[in-house]
Amino acid sequence: DSFSEMLARMNQYAAQILEPKRIDFKIDVADVKENIQLDSEQRRNIYLIFKEALNNLAKYSECTKAQININSTSKNLSMTISDNGKGFETSPPAPFQRRGEMVGNGLKNMRRRAENIQGNLKIISANGKGTAIELQIPVT
């Protein structure tokens, strides 16, 4: 599984999850080094963070648009997933319940996955202002 194959899977997954919900989305892969080297654990965790973020976006955001940006420098790979949805308070009492399900485990899992690959994950959101999930990981 190469970086370009991971991007193709991400595009396919986004279409599969977002199109049925009528969420317009764009994936912008700009300034990514052609020879970027990610090991299998990095690719796996990036992809699983991506999937969790999209699932949350599709289930809870009530958005109409989503933007996925992926870029790199000589030292970092960045991925930002943002939406124009309802947003949420980022520091609720944890864990809490919504419609009978525990909420917060997905966010914890994304943070743990980022830590596993020495990455930094930021969740930026506020009620009525949408959400952005920003991942940065070191690359060689």
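How many bridges join β2 to β3, and in which sense do the two strands run? Seven bridges join them, and they run antiparallel. The views below come from a predicted model, in which local features need pLDDT of at least 70, side-chain atom pairs count only at pLDDT 80 or more, and totals for chains, interfaces and linings use all residues. Residues are numbered from 1 along each chain as its sequence is written, and side-chain values use heavy atoms, with hydrogens and water left out.

**View 1. The open sheet and its strand order.** Five strands form an open sheet in the order β1-β2-β3-β7-β6, with mixed pairing. Strands are DSSP runs of E with at least two residues, helices are DSSP runs of H or I with at least four residues, and both are numbered from the N terminus. Two strands count as paired if DSSP finds at least two bridges between them. At the edges lie β1 (24-29) and β6 (120-125), each of which pairs on one side only. From one strand to the next the twist averages 10°. Axes here are lines fitted to C-alpha atoms, for helices over the stretch in contact, and angles run from 0 to 180 degrees between N-to-C directions.

**View 2. Strand β2 with its partners β1 and β3.** On one side, β2 pairs with β1 in the parallel sense over six bridges; here D24 stands opposite K65 in β2. On β3, M79 is the residue opposite I70. A hairpin is formed by β2 and β3, with three residues between them. Buried means under 20% relative accessible area, exposed means over 50%, and partly exposed lies in between (1.4 Å probe, protein chains only). In a regular strand the side chains alternate between the two faces of the sheet.

**View 3. Strand β3 against β7, with residue D83.** Strand β7 (residues 131-138) is joined to β3 by eight bridges, and the two run antiparallel. Within this pair, L135 in β7 is the residue opposite M79. D83 is also found in β3 and is buried, with a relative accessible area of 13%. Apart from neighbours within four places in sequence, D83 is in contact (heavy atoms within 4.5 Å) with L57, S61, C63, K65, A66, G130 and T131. The C-alpha atoms of D83 and A58 are 9.8 Å apart in space, while the two residues are 25 apart in sequence.

**View 4. Helix α1 on the sheet.** Helix α1 (residues 3-18) lies across β1, β2 and β3 and runs at about 170° to β1. Its 16 residues reach 22 Å from the first C-alpha to the last, close to the 22 Å expected at 1.5 Å a residue; the expected span is 1.5 Å times one less than the number of residues. Buried in α1 are F3, M6, L7, M10, Y13, A14, I17 and L18. Seen down the axis of α1, these buried residues fall within an arc of 125°, so they line one face of the helix. The arc is that of the directions from the helix axis to the C-beta atoms. The cover over the buried residues of α1 includes β1, α2, β2 and β3. On the other side of α1, Q12 and Q16 are exposed.

**View 5. The salt bridge between K86 and E62.** A search of the whole structure finds one salt bridge, defined as a side-chain nitrogen of Lys or Arg within 4 Å of a carboxyl oxygen of Asp or Glu. The side chains of K86 and E62 form it, at 3.3 Å from N to O. K86 lies in the loop between β3 (76-83) and β4 (96-98) and E62 in the loop between α2 (40-60) and β2 (65-72), so the pair ties together parts that are 24 residues apart in sequence. K86 is partly exposed, with a relative accessible area of 41%, whereas E62 is exposed at 63%.

**View 6. Two loop residues with positive phi.** R22 is not a glycine, yet has a positive phi of about 55°. R22 sits in the loop between α1 and β1 and is exposed, with a relative accessible area of 74%. Q118, also not a glycine, has a positive phi of about 55°. The loop between α3 and β6 holds Q118, which is exposed with a relative accessible area of 60%.
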